[in-house]
Each structure stands twice: as C-alpha cells, then as structure tokens.
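Colleague: I've got the model up on my screen and I'd like to talk through its pockets. Can you take my questions?
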Amino acid sequence: DAGEITVDNIDVFCEKGIFEIASTKEILERGKEHGWKINFHAEELNYIGGVEMGVGIGATAVSHLEEISDGAIEMMAAAQTKAVILPTTAWLLKLKPPPVRAMLDAGVVVALGSDFNPNAHCISMLRVMNLACVEYRMSMEEAMVAATLNAAASLGLSDQIGSIEPGKWGDLVVMRVPTWEHCVYRMDASDDIAYVIKKGQVIYQGSGL
C-alpha cells in the first residue's frame, strides 16, 4: 500500500551452462536462510535434475518443466511443490510441451503464468489459459483454477488471494462475457474487461460503462 517493494521469493534459472545444480542450490539455500520461498526455473531446455534438487530443499514452486522426469513429477506431487506452467514461452520458442496432463493425473498442483519477458511479450492470462487448454489438454476448469487459486498458491498467497471467499482480499476482474468459460474459450477477451477491482476498490473501468 505504501508503494514499497518487498522480497519474499527467490528465483534462479537452473539450466545447463547457466546456473547448474550446485550453484543453483547454493543461491536458493542462501535465500531460504533469509526466509524467502524457493520459486525457481528448471528443466526448460535440458533435464539436469533441477526439480529433484528443488524438492529436496523445500521449493514452494518450480517453473517451466518441459524436460521434467517421471520421477520428479511423483516427487512434486508427494511434496505438494507447485508446477508453474508457462505456455507462451514454450509456444514461442517451439519447445517440447511440458507433460501437464501427467502432472495433473499424478496430483501435482499446476499453476499458469504468462512468463512476461522480452522473448514472451504476453500479459494476457486469458490467452495463457486458452493455450493451456489447446496445447496441454487442460480442461477450462483446470485452466481457470491454475491461473487464479493455484497461481496464488505458487507464491504462498492462496490464503489471501486467488479465489472469492470470506477473509480474502477483493481482487477481481469483471468480464462482459455470457459465461465464465468465454474467458478461456476466446483467444483473448481483454477488450471485454468491465472492471478491475483491487482490495475491494475499482481501479479500472472499461469503456462504455
């Protein structure tokens, strides 16, 4: 509220030839000593055992996961480590799709994110949900939960945001669509945003309202 930036998660790009297992683990453990949640990138381009390492040191979430092993999926499910899937990056870079269906079937908590950065210039979570359904065979219900409640859980914030229920912040996007499914079905319904509400206060109102 005061406009201050705080740090509560630590990320490392764990990848062959960049930050490999030993250096990634050292950085993440230092962050953990400061009370930061471990929330890092692994197994995007190559399988090097990043997920296994992360689960072993108590990671809250791991992102990308195109090259994750079957054993690591089972480990994430057992530890309730969240999988943050980033469809726009995999699509734009023409990467092997992450095994999202296998993760869901194993009981992994799957979240969705935009991975907004210079090589994935997408800020539309509506498009992210659409891609997740088309490319990864997620149901619309799974995609919506992954983009909201599970995304909050990946940051350790599901007790505060991510769903509409008593005791949580009133953070909402109100859409001008016939049913909620249209938020996922349409490739991008951003023009149909009616209101953005943050902590119960309207901070954006669409045109014509």
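Colleague: Which residues line the second largest pocket?

Modeller: Bear in mind that this is a predicted model. The lining is made up of Thr88, Trp91, Leu92, Cys122, Arg127, Asn130, Leu131, Val134, Glu135 and Met187. Helix H4 (87-92) and H6 are the elements that give two or more residues to that lining.

Colleague: What makes Trp91 a lining residue there?

Modeller: A lining residue has an atom within 4 Å of a pocket point. Trp91 is listed in the lining of the second largest pocket, so it has an atom within that cut-off.

Colleague: Which element gives the largest share of that lining?

Modeller: H6, with 5 residues. The pocket itself holds about 150 Å³ of space.

Colleague: How do the residues of its lining divide?

Modeller: Into 6 nonpolar, 2 polar and 2 charged. Cys122 is in the lining, and Cys counts as nonpolar.

Colleague: Now the largest pocket. What is its volume?

Modeller: About 1,700 Å³. Its lining has 46 residues, and Ala147, Thr148, Ala151, Ile161 and Gly162 lie nearest the centre.

Colleague: Which element supplies the largest share of the lining of the largest pocket?

Modeller: E8, with 4 residues. Several elements each supply at least two, including strand E3 (37-42), helix H7 (140-147), helix H8 (149-154) and strand E8 (193-198).

Definitions and conventions: Residues numbered from 1 in each chain as written. Predicted model: local features only at pLDDT ≥ 70, side-chain atom pairs only at ≥ 80, totals over all residues. Heavy atoms only, no water. 1 Å grid on protein atoms, 1.4 Å probe; cavity = no way out; pocket = protein on both sides within 12 Å on 5 of 7 lines; lining within 4 Å. Points joined across faces, edges and corners; volume = space filled by probe spheres on them.
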